[in-house]
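Subject: Structure handover and notes

Hello,

Here is the structure for your set-up work. My notes follow below it.

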Amino acid sequence: MSEVVSYQLQGNVGVITVNSPPVNALSQAVRKGILDGVKAAQADDSEAIVIRCDGRTFIAGADITEFGKPPLDPWLPEVLTAIENSRKPVIAAIHGTALGGGFEVALACHYRCAVASAMVGLPEVKLGLLPGAGGTQRVPRVAGVKAALDMITGGNPIAAAKAKDMGLIDEIVEGDDLAAGAVSYARDLVASGAPLKRIRDISIKKETIEPGFFDNARKQLAKRARGQIAQDRIVSCIEAAVNLPMDQGLARERELFQELVKSPESAAMRHIFFAERQAAKIKDLPKDTPIRDIKSVAIIGGGTMGGGIAMCFANVGVPVTLLEVNDEALQRGMGIIRKNYSITVQKGKMSEEQMEKRIGLIQGSTDYVEIADVDLVIEAVFENLELKKEIFARLDGVCKQGAILATNTSYQDVDAIAAATGRPQDVLGLHFFSPANVMKLLEVVRGEKTADDVLATSMAIGKKIGKVCALSRVCYGFIGNRMLGGYGREAQMLLLDGCTPEQVDSTLEEFGMAMGPLAMGDLAGLDVGYKARQARTDLPDDPKLYRMGTLLVEMGRHGQKTGSGFYKYDPETRQRQSDPEVDALIKEEAAKLGVEQRDISKEEILARCFYPLINEGAKILEEGIAQRPSDIDVVYVFGYAFPVAKGGPMFYADQVGLKNVYDKICEFRDRYGADYWQPAPLLEKLANEGKTFAQWDQERGDG
Ligand code: T1G
């Protein structure tokens, strides 16, 4: 066998054991080991075969690191054919998460057993792929076409009990010794003369499929695809499962899989898969950095952010004290939390009992003394540096030694806040994104004096509450908000140059952004940006800068909350509608400012909005604010809804070509001035060297 797969005859059952940490992915060695095991079992005295795994999970999929490289024999379909054609029943013993190719191995087996805590799924769509080893042909045959479509286009794991109800699992093994349970189950099958149950022998009755089912499915899926194509190809595969014999269906699936694995969308999504995991690793932090135990948390400030952050911890069972200045504010804060949970209950995603249990974990207080013993404090009051410094001075006097003191500030100086305490080593930024209980991104902001174990603990607790963490050093706006400046600026400059708000937003939404920048401004409130600009002293003195945003705020058009901003909003549906009054106003302002309006291409809109992101990202890398280009991609995909099928701004820049980006920025500099369009030195360097950000990052090592 091999060092990652062993075979052992246990009485009349041959047991194939995969042991390939961390997730028993189907590397070439694992595929070969399983194939050799199945072949060996055909020739010995075994009467049944069990395929199981050591470690934390059954096979969690193909080895994603092998994609994009020349395929190595044996191919997975070859292994599955050997399993399916075995003369003896093959039983999969599932624990942990049997995902992707791992679950497809199980589906090629004749029977599947699992522990109750196991999950199964086909998440390939989240990598811009489809199940390429029979998943799209076998699941519809067992669970039905509709269930298969939902399962494979959604990509979410299914609990063992539900999978059993769907016919995807045959037996739930009681107790915690799955290895023994699976062998016993195999013996029972042999003793009962159970047949070689092959899913391929099930055919789907075409007449059970309602007319237009697949076309409707395509239309529905296209609405939320945002530049992704895998969902459409999955529909075609499942359609083939209905209309074609198994082997032709498998051939169709393989053909469409090959198309996807070569697609830029899948390359981008696989990039984000690894980038997300890489971002949680801090380069200069020893792997064995200790982690502090976080058993209780306090949140200072029960506003929208504070309430959302409190929910993140209650959701994973960590008791929270929500501290406000007085009882009225506290009750308001607790009300926000209850309202948020109620919405989730109304959507059927949580029971009343679960809601009450989580709310029960959040205690209100107006007295600092009551948070003296918590392990982590997160301050989430409004963006006033002096107030934050006062709060941290007070925390310093109240909280136990070893408590981590974090600020949720969006852009204030974390070092200045840390200096307000006598323990700057325990202070850092934990920047959540609104709504904090929904958005995945958490910027972990490292102060000059933040201790290693405080950083390691923050990364760990961030993962525990379901966040995707990215490390930032201290600068104005950290990574995400600092880069956003140019994006929002150009969206408004384009209006003066001749675009309507709808042209700007729809072009970016067609690219894959969840919402265009102007509509996003209306959602957040144009007055928020207006106030932030009033406080800044570093902005160029240019009447065109944010001209329309400023004008609209001064007219009382703050966005959705006042019923109008760049757009008008239907009071019922809150749908945006272009507003001729705004279009006229833009033309009027452009004339006043002497700007000659012109037709502007989609290419220019995309370049003017995205290239400032890329340019600022290059500066952020040079300054060491972000650890890696891929960390910046993680920030934008998980914090700003940059389309995952484009891989993030820095990955996208590498696809466009840094020379093209650089040349366009130089053109914009010559046209619109160096105040806004000064190419970052790193971008210029890489453009001239013909390199990508990824190559630059690789060359400097991830040490
Ligand atoms: N291939 C290679 N490495 C993988 C991997 C995979 N499939 N899954 C995880 N890893 C690495 C990961 O990069 C990390 O590495 C470590 O394992 C722990 O992962 C033919 C084509 C299984 C739920 O999409 O969802 O099968 O950072 O931090 O939080 O049809 O990993 O330690 O160096 O995520 O406990 C389909 C992807 C593939 C599953 C565990 N399968 N993995 O989560 O640990 S395509 C997937 C996950 C396919 C077939 C198709 C999760 C997990 P490092 P982790 P975790």
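R138 touches L80, E84, L107, A108, A133, I199 and M246, where residues up to four places away in sequence are not counted and touching means heavy atoms within 4.5 Å. R138 sits in helix α4, residues 135–143. Helices here are DSSP runs of H or I with at least four residues, strands are runs of E with at least two, and both are numbered from the N terminus. With a relative accessible area of 3%, R138 is buried. The classes are buried for under 20% relative accessible area, exposed for over 50% and partly exposed in between, with a 1.4 Å probe and protein chains only.

Before the rest, the conventions: this is a predicted model, in which local features need pLDDT of at least 70 and side-chain atom pairs count only at pLDDT 80 or more, while totals for chains, interfaces and linings use all residues. Residues are numbered from 1 along each chain as its sequence is written, and side-chain values use heavy atoms, with hydrogens and water left out.

Helix α3 spans residues 101–108, and eight of its eight residues are buried.

As for I34, its contacts beyond four places in sequence are V5, I16, V18, L26, I51, I59, V79 and I83.

Helix pair α18 and α19

The axes of helix α18 (residues 480–497) and helix α19 (residues 501–511) come within 8 Å and cross at roughly 135°. Axes are lines fitted to C-alpha atoms, for helices over the stretch in contact, and angles run from 0 to 180 degrees between N-to-C directions. That angle makes α18 oblique to α19, given that under 35 degrees counts as roughly parallel, over 145 as roughly antiparallel, 65 to 115 as roughly perpendicular and the rest as oblique. On the α18 side the contact is made by Y487, A491, L494 and L495, and on the α19 side by P501, V504 and L508. By class, this contact has seven nonpolar, no polar and no charged residues. In that count Ala, Val, Leu, Ile, Met, Phe, Trp, Tyr, Cys and Pro are nonpolar, Asp, Glu, Lys and Arg are charged, and the others, Gly among them, are polar.

Helix α22 and the residues around it

Six of the eight residues of α22 are buried: M548, G549, T550, L551, L552 and V553. Their cover includes α18, α21 and α23 (580–592). Y546 lies in the loop between α21 (526–534) and α22 (547–554). Its phi is positive, about 50°, although Y546 is not a glycine; Y546 is buried, at 13% relative accessible area. After α22 comes G556, also with a positive phi, near 85°.

Other backbone points to check in your set-up

- A641 is not a glycine either, but has a positive phi of about 60°. A641 is in the loop between α25 (629–639) and α26 (649–656) and is partly exposed at 24% relative accessibility.
- The peptide bond from P21 to P22 is cis, with omega near 5°. P22 is in the loop between β2 (13–18) and α1 (28–43).
- S434 and P435 are joined by a cis peptide bond with omega about -5°. P435 is in the loop between β15 (427–432) and β16 (441–446).

Y411

Y411 is in the loop between β14 (404–407) and α16 (414–418) and is partly exposed, with a relative accessible area of 24%. Beyond four places in sequence, Y411 is in contact with E383, C475, Y476, G477 and F478. Y411 and F478 are 67 residues apart in sequence, and their C-alpha atoms are 6.3 Å apart in space.

Regards
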